[in-house]
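Hello,

Here is the structure I promised to pass on to you. Have a look at it first, and then read my notes below.

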Amino acid sequence: MKIIITGAGGFIGRRLTDHLLGLGDDVHAVTRGEKSELNIPEIDALSVITTDLSSTARDVENLIGPDTMVVHAAGHTHLYSNSSIADYIRGNLDTTRNLLRAIGNKGGLGLLYLSTVSVYGDVDGPV
């Protein structure tokens, strides 16, 4: 199975990418940063796509086939300083919408959405 992981440079995405590569899966890591920022050993099997999913998922859409699962672990959290509501919308809603359209256009297996409570900002109470 082909697995596309968004947010591959983040806390969840980086660890999942490493784990799935260890299992021998065909992994495509999507990140806003550079491959060197992923902190994953150089592996020929790893394909890295650097793109901003908030504007388009075209680069990802080109990889999707009927055997493809998209794991969406990218998101904009309160950890980014000086964030506005527009940044949260762009980094969370727009990216997810674009990925869902890409999957719908290409007929992939589906979308597994992973996130942290951090996308809600500072949480003062129990979750």
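**What I found**

R97 has a relative accessible area of 38%, so this residue counts as partly exposed. Please keep in mind that the model is a predicted one.

D94 has a relative accessibility of 18%, and because buried means under 20%, D94 counts as buried.

How many salt bridges are there by this rule? The count is two. The other pair to look at is R90 and D87, whose side chains meet with 2.5 Å from N to O. R90 and D87 lie in helix 3 as well, which covers residues 85-106, and they too are three residues apart, about one turn of the helix. R90 is partly exposed, with 37% relative accessibility.

Now for the protein as a whole. Three helices and five strands make it up, and along the sequence they follow the order β-α-β-β-α-β-α-β. Of the 127 residues, 44% are buried. If you take the contacts between residues at least 6 apart in sequence, 60% of them join residues at least 24 apart. The protein exposes about 7,200 Å², and 52% of that area comes from carbon and sulfur atoms.

I hope you enjoy exploring it.

Best wishes

Definitions and conventions: Residues numbered from 1 in each chain as written. Predicted model: local features only at pLDDT ≥ 70, side-chain atom pairs only at ≥ 80, totals over all residues. Heavy atoms only, no water. Helix = DSSP H or I, 4+ residues; strand = E, 2+ residues; numbered from the N terminus. Buried < 20%, exposed > 50% of the residue type's maximum accessible area, 1.4 Å probe, protein only. Contact = heavy atoms within 4.5 Å. Areas by Shrake-Rupley, 256 points an atom, 1.4 Å probe, with all protein chains shown as cover. Salt bridge = Lys/Arg side-chain N within 4 Å of Asp/Glu carboxyl O.
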